[in-house]
Amino acid sequence: MVGHHHGGSPVSDGPTWADLGRAARAPGHPVVALAGNPNTGKSTLFNALTGLRQHTGNWPGKTVLLAQGVARHRGKSYTIVDLPGTYSLFASSVEESVASDFLCLARPDVTVVVADATCLERNLNLALQVIEVTDKVAVCLNLVDEARRKGCECDATMLEAELGVPVVATVATKGRGLGRLMDTVAGLNSGTITTRPKRVVYDPDVEEALAGIEPLVTRKLPPGAATRWLAVRALCGDMGALELVGDMSALELVDGTGGAVRKVTEGFGLGPAPSWPAARSTTSTAGGKSS
Amino acid sequence: MARTNEAERKGIGPLALLAPGEAGLVVGLSAGGLVRRRLLDLGFVPGTVLRAVRRSPLGDPTAYSVRGAVIALRAADANNILVRRAPESTGATAAAPDD
Ligand SMILES: Nc1nc2c(ncn2[C@@H]2O[C@H](COP(=O)(O)OP(=O)(O)O)[C@@H](O)[C@H]2O)c(=O)[nH]1
Ligand SMILES: [Mg+2]
């Protein structure tokens, strides 16, 4: 497959997530993010949707290149962003953190999760995480030709009912289903299509801790950021999430929740994560597994 | 160590013990926190059948076929995954999630 990084050289002073957020709010020019596991056909889809109307930019502070392009659909232009492949929104590499930060902070108008129909189960992990982050989301069930070749019929309607978001079957290499995909993107953007995403409700202890963290996170982030998900990441001791909340230290965060965080992490037997300060000796010993 | 021996008799051990071609069933994860989260995100969920595919010339990392993708893990990470070796595993029969 032709690489997608042609048509422009990397720019060092690319847009910040705030710039991208502003672009997203400019009328008539929605931002659409393509997220998905590696090798699900994101770049193939990106190329098919944007043709040669592409350029790349650097994510602020990172060396990862983000390909952006313009898709025209029914007289309207959409900025399409081809995110690095990731298995999770819990980032464990720079590439993954770019994908995760883009979805949580730049807040695209519409997110498309590109899923490989030949190993759907694996792909649903990320899909469910993205569904936790945004309402304006569709699943692009790609490679349905390969799945069929392996004897697997995909029931997009049933999957749609299970997830509560639109599912569009595609064969990106042949351009099949792309019109319907863009119709769905357009409908999500304009609000003519609404979703009822199936969301995870955690155990009461966890929900209590999240309720404590979320306001603290919200205070530090721009309006519209995916605060609940960032609270989930912070609760898991994800340093990336703590970095995002700027000058807030792990200690501040733990203190601010009145012990709810510690109760949860110790209840799971995780012990204090490396990011949690060890100074709080009365409660930070790993022994407290009871309850 | 009595416990370890008992576990070994049942064919349970860390994933890193699987030789290329051997299949196993994930029975548990011994890591907590973000490492556990990461392994689950990569598809190493208890109940999953997987197969060691190949080992790098230096012996580490090893690539595993798991839930339709090939994932490379260092032994340090693979040791957090407990597997039950497939009976008379040749790799071809019990687990071919990727072929
Ligand atoms: N058969 C088939 N192959 C596809 C389809 N979409 C993408 N591919 C192929 O899958 C491989 C990975 O695609 P790519 O776009 O690079 O995936 P990315 O890693 O998600 O960007 C390439 O060889 C594509 O040609 C599809 O719908 N059907
Ligand atoms: Mg790509």
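# Reading the calls in a predicted two-chain model

Guide: This model is predicted. Chain B has a mean pLDDT of 82, and 78% of its residues reach 70 or more.

Visitor: Where in chain B is confidence lowest, and where is it highest?

Guide: The lowest mean, 58, falls in helix H1 (residues 2-9) of chain B. Strand E4 (residues 62-66) of chain B has the highest, at 96. Residues 89-99 of chain B stay under 50 in pLDDT. The model still has 25 contacts beyond four places in sequence for that stretch.

Visitor: What does the predictor give for the complex?

Guide: An ipTM of 0.78 and a pTM of 0.81.

Visitor: What makes up the secondary structure of chain B?

Guide: Chain B has 3 helices and 6 strands. Along the sequence they run α-β-β-α-β-β-β-α-β. Of its 99 residues, 37% count as buried. Take the contacts in chain B with a separation of 6 or more: 66% of them join residues 24 or more positions apart. The accessible surface of chain B is about 5,200 Å², and 55% of that belongs to carbon and sulfur atoms.

Visitor: Now the largest nonpolar core. Which residues have the most contacts inside it?

Guide: A:Leu83, A:Phe102, A:Val139 and A:Trp229, in a core of 49 residues. Helix H3 (residues 94-106) of chain A gives the most, with 7 residues.

Visitor: How do you know that this core lies between domain 1 and domain 2 of chain A?

Guide: Both domains give residues to the core, domain 1 (17-190) and domain 2 (200-290), so the core lies between them. There is also a second, separate core of 22 residues, which includes A:Leu34, A:Ile80, A:Leu181 and A:Ala186.

Visitor: What is A:Trp229 in contact with, leaving aside its neighbours within four places in sequence?

Guide: Its partners are A:Leu89, A:Phe90, A:Cys104, A:Gln129, A:Glu132, A:Val133 and A:Tyr202.

Visitor: Why is helix H9 (residues 227-235) of chain A called largely enclosed?

Guide: Count its residues. In H9 of chain A, 8 of the 9 are buried, so the helix is largely enclosed by the rest of the structure. A:Trp229 is one of the buried residues. Just after H9 of chain A, A:Gly237 takes a positive phi of about 80°.

Visitor: What makes A:Cys104 count as buried or exposed?

Guide: Its relative accessibility is 0%. Buried means under 20%. A:Cys104 therefore counts as buried.

Visitor: And what makes A:Cys152 count as buried, exposed or partly exposed?

Guide: A:Cys152 has 33% relative accessibility.

Visitor: Why is A:Lys150 called partly exposed?

Guide: Its relative accessible area is 47%. Exposed would need over 50%, and buried under 20%. A:Lys150 is therefore partly exposed.

Visitor: Where is A:Lys150 found?

Guide: In the loop between helix H5 (144-149) and helix H6 (156-163) of chain A. A:Arg199 is 49 residues from A:Lys150 along the chain, and their C-alpha atoms are separated by 31 Å.

Technical notes: Residues are numbered from 1 along each chain as its sequence is written. Chains are lettered from A and ligands numbered from 1 in the order in which they are written. This is a predicted model: local features need pLDDT of at least 70, side-chain atom pairs count only at pLDDT 80 or more; totals for chains, interfaces and linings use all residues. Side-chain values use heavy atoms; hydrogens and water are left out. A nonpolar core is a set of buried Ala, Val, Leu, Ile, Met, Phe, Trp, Tyr and Cys residues joined through side-chain atoms within 4.5 Å. Buried means under 20% relative accessible area, exposed over 50%, partly exposed in between (1.4 Å probe, protein chains only). Helices (H or I, at least four residues) and strands (E, at least two) are DSSP runs, numbered from the N terminus. Domain bounds come from an automatic or database domain assignment. Contact means heavy atoms within 4.5 Å. Accessible areas come from the Shrake-Rupley method with a 1.4 Å probe; for residues, only the protein chains shown count as cover. pLDDT is the predictor's confidence in each residue, from 0 to 100.
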